[in-house]
Amino acid sequence: MTSRDFVIAPSILSANFAKLGEEVSNVIASGADWIHFDVMDNHYVPNLTIGPLVCEAIRPCTQAPIDVHLMVKPVDRIIPDFAKAGANIITFHPEASEHVDRSLGLLRDSGCQAGLVFNPATPLSYMDYVMDKLDVVLLMSVNPGFGGQSFIPNTLGKLAEARAKIDVYEQQTGRRIRLEIDGGVKVGNIAEIARAGADAFVAGSAVYGAGKDSDPHRYDSVIGALRAELGKV
Ligand code: DX5
Ligand code: ZN
């Protein structure tokens, strides 16, 4: 796997919300690959963030894929709204949907790539019977709801288990499924996380906390450092 196969997805949860358009274009200009878009409803998770209107507003600011992470319950009603708002990838938590297979089908039908998100205590078995409908498997390495938390070390073993399941599936079908990690990813641990099997990395506070707010190149060095660490893997 080369460094370019790795996806860096800064989470705009830690961006300056008063300058969101600029924040999105600056981070992509600095070398990030996807925009990770955290949607929280103060019901499934204890925090409230942004919805389809904000997704639509930032859509013209970049060509990069928008990776919508739904932390909402219920899931199905909001899927078409995000698809219309320009989301490329949409992931949701299986506990937040009454019918996981149906929600994945809805996502596919709306033209988006689809994924399941696994909380730290959620078993990976949720993916077993829906592999053909998954483009992304996202493992949470913190409990969802807030940026700036510490990486839960047990996630490394879980990543290796997920990697093994995905490798078997890819060998059988030739179809790729991304293995994304979300929470507490930093320059100091991204290489270890990649070695455990992740190939897409969400980083919120590590990226958007870098540099001076007024400098449009403030993200160059942190994204360069994350990429350099990935280059060692
Ligand atoms: C947490 C969110 C994450 C969060 C990551 O519920 O899903 O995407 O923004 O933030 P950091 O990288 O600061 O842990
Ligand atoms: Zn997220």
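This is a predicted model: local features need pLDDT of at least 70, side-chain atom pairs count only at pLDDT 80 or more; totals for chains, interfaces and linings use all residues.
1. Taken alone, ligand 1 exposes 380 Å², and the protein buries 100% of that; accessible areas come from the Shrake-Rupley method with a 1.4 Å probe, and for residues only the protein chains shown count as cover. A polar backbone atom of G184 is 2.8 Å from an oxygen atom of ligand 1, and an N or O atom in the side chain of H36 is 3.4 Å from an oxygen atom of ligand 1. A polar contact is a pair of N or O atoms within 3.5 Å; within protein, one must be able to donate a hydrogen and the other to accept it, and residues adjacent in sequence count only if both atoms are side-chain atoms.

2. The shell. Ligand 1 is surrounded by 20 residues, of which D38, G148, D182, G204 and S205 are the closest; a residue counts as near if one of its heavy atoms lies within 4 Å. The shell divides into eight nonpolar, ten polar and two charged residues, with Gly counted as polar, and Asp, Glu, Lys and Arg as charged. At least two shell residues come from each of β2 (35-40), β3 (66-71) and β8 (200-203). With three residues, β2 gives the most. Strands (E, at least two residues) and helices (H or I, at least four) are DSSP runs, numbered from the N terminus.

3. The cavity. Ligand 1 sits in the largest cavity, meaning that more than half of its atoms lie within 2 Å of the grid points. A cavity is a set of points, on a 1 Å grid over the protein atoms alone, where a 1.4 Å probe fits but cannot get out; lining residues have an atom within 4 Å of a point. The count is one cavity of 30 Å³ or more, and about 200 Å³ of space lies in the largest cavity. It has 25 lining residues, with F146, G147, G148, D182 and G183 the closest to its centre. The elements giving two or more residues to this lining are β2, β3, β8 and α7 (205-208).

4. Backbone points to inspect. K73 and P74 are joined by a cis peptide bond, with omega about 0°; P74 is in the loop between β3 and α3 (79-84). N42, a residue other than glycine, has a positive phi near 55° and lies in the loop between β2 and α2 (52-58).

5. Conventions. Residues are numbered from 1 along each chain as its sequence is written, while chains are lettered from A and ligands numbered from 1 in the order in which they are written. Local features need pLDDT of at least 70, side-chain atom pairs count only at pLDDT 80 or more, and totals for chains, interfaces and linings use all residues, while side-chain values use heavy atoms, with hydrogens and water left out.

Note on methods: On a 1 Å grid over the protein atoms alone, a cavity is a set of points where a 1.4 Å probe fits but cannot get out, and a pocket is an open set with protein on both sides within 12 Å along at least five of seven lines; lining residues have an atom within 4 Å of a point. Grid points are joined across faces, edges and corners, and a volume is the space filled by probe spheres set on the points.
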